[in-house]
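The points may be read beside the sequence and the coordinates.

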Amino acid sequence: MHWTSSSAVSSLVLRVSVGLSMIFIGITEYRDFSPFVANMTDGLGVASMLGTVWAYVFPALLVFGGGLLAIGRYPLVAAWTGGVALASVPAGMLLKTVMTGLPLPDMLATATPALVWLVVFYFALNPFPEAVESGQ
C-alpha cells in the first residue's frame, strides 16, 4: 500500500471502520441478548424457533465477517459472512411485516439503513481503483 495515495488510504480507513463497526454491533447484540432475542422472535409464531437460532448466528456472522474485513484477510469469507448478516436485516424486517401484520412504513424505516450498510460494505470490500493499482 502506498501511503501517499489518497485512494489507498481512504480504502483502508473505510475497510477498518466498517469492519470494526460490524464487530461492535455483533458484540452489543450478544451483550444485550435477551431484548435482542425478544425483538427478533416477536410475532413470528411458529417460526419463532428459527428466529431464536438466527439470533445466535447473526451476531457471530457480524463479528467474524467484520473482523476479517477490518484486518483485510480472506475477503471471500468476509463477503459471505458479513454479506449474509447485513442482507438478512432488510429481508427479515420485510418478512416480519408479512408474518406479523406490522405496518410496512415502520419496517421500511428500519430496513432502509441496512441497505445503506450493504452498499458501504460493498465499497469496503472492493477498494477504489487507484488503491488496487497501488498494490493494496
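The numbered points below take up the overall fold, the nonpolar core, the pockets, the aromatic pairs and one backbone feature.

1. The model is predicted. The protein contains six helices and zero strands, and its pattern along the sequence reads α-α-α-α-α-α. Along the principal axes, the C-alpha atoms fill a box of roughly 55 × 30 × 20 Å.

2. Burial and contact range. The protein has 136 residues, of which 36% count as buried. Among contacts between residues at least 6 apart in sequence, 69% join residues at least 24 apart.

3. Nonpolar core. The largest nonpolar core holds 18 residues, and those touching the most other members are V18, M22, F36, A55, L62, L69 and F121. Two or more residues of this core are given by each of α1, α2, α3, α4 and α5. The largest share, six residues, comes from α3.

4. Surroundings of L69. Which residues does L69 touch, not counting residues up to four places away in sequence? The partners of L69 are R15, V18, G19, M22, A78, F121, A124 and L125. Of these partners, V18, M22 and F121 are named, as is L69, among the core residues that touch the most other members.

5. Largest pocket. The space in the largest pocket amounts to about 670 Å³. Its lining comprises 23 residues, with M40, W54, S88, V89 and G92 lying nearest the centre. The elements giving two or more residues to this lining are α1 (6-31), α2 (33-41), α3 (48-71), α4 (75-100) and α5 (104-125). Helix α4 provides the largest share, eight residues.

6. Second largest pocket. The volume of the second largest pocket is about 180 Å³. Of its 12 lining residues, R15, G72, P75, L125 and P127 are the closest to its centre. Helices α1, α3, α4 and α5 each give two or more residues to this lining. By class, the lining has seven nonpolar, three polar and two charged residues.

7. Aromatic pairs. A search of the whole structure finds six aromatic pairs. One of these is formed by Y122 and F123, which are edge-to-face at 5.5 Å centre to centre, with 70° between the planes.

8. Aromatic cluster. Ring pairs link Y30, F33, F36, W54, Y56 and F58 into a cluster. Within this set, F36 is also named among the core residues touching the most other members, and W54 is one of the residues nearest the centre of the largest pocket.

9. Backbone at Y74. Attention is drawn to Y74, a residue other than glycine whose phi is positive, near 45°. Y74 lies in the loop between α3 and α4. Is Y74 buried or exposed? Y74 counts as exposed because its relative accessibility is 53%, and the cut-off for that class is over 50%.

Key:
Residues numbered from 1 in each chain as written. Predicted model: local features only at pLDDT ≥ 70, side-chain atom pairs only at ≥ 80, totals over all residues. Heavy atoms only, no water. 1 Å grid on protein atoms, 1.4 Å probe; cavity = no way out; pocket = protein on both sides within 12 Å on 5 of 7 lines; lining within 4 Å. Points joined across faces, edges and corners; volume = space filled by probe spheres on them. Helix = DSSP H or I, 4+ residues; strand = E, 2+ residues; numbered from the N terminus. Nonpolar A, V, L, I, M, F, W, Y, C, P; charged D, E, K, R; others polar. Core = buried A, V, L, I, M, F, W, Y, C linked by side-chain atoms within 4.5 Å. Buried < 20%, exposed > 50% of the residue type's maximum accessible area, 1.4 Å probe, protein only. Contact = heavy atoms within 4.5 Å. Phe/Tyr/Trp six-rings, centres within 6.5 Å; stacked < 30°, edge-to-face > 60°.
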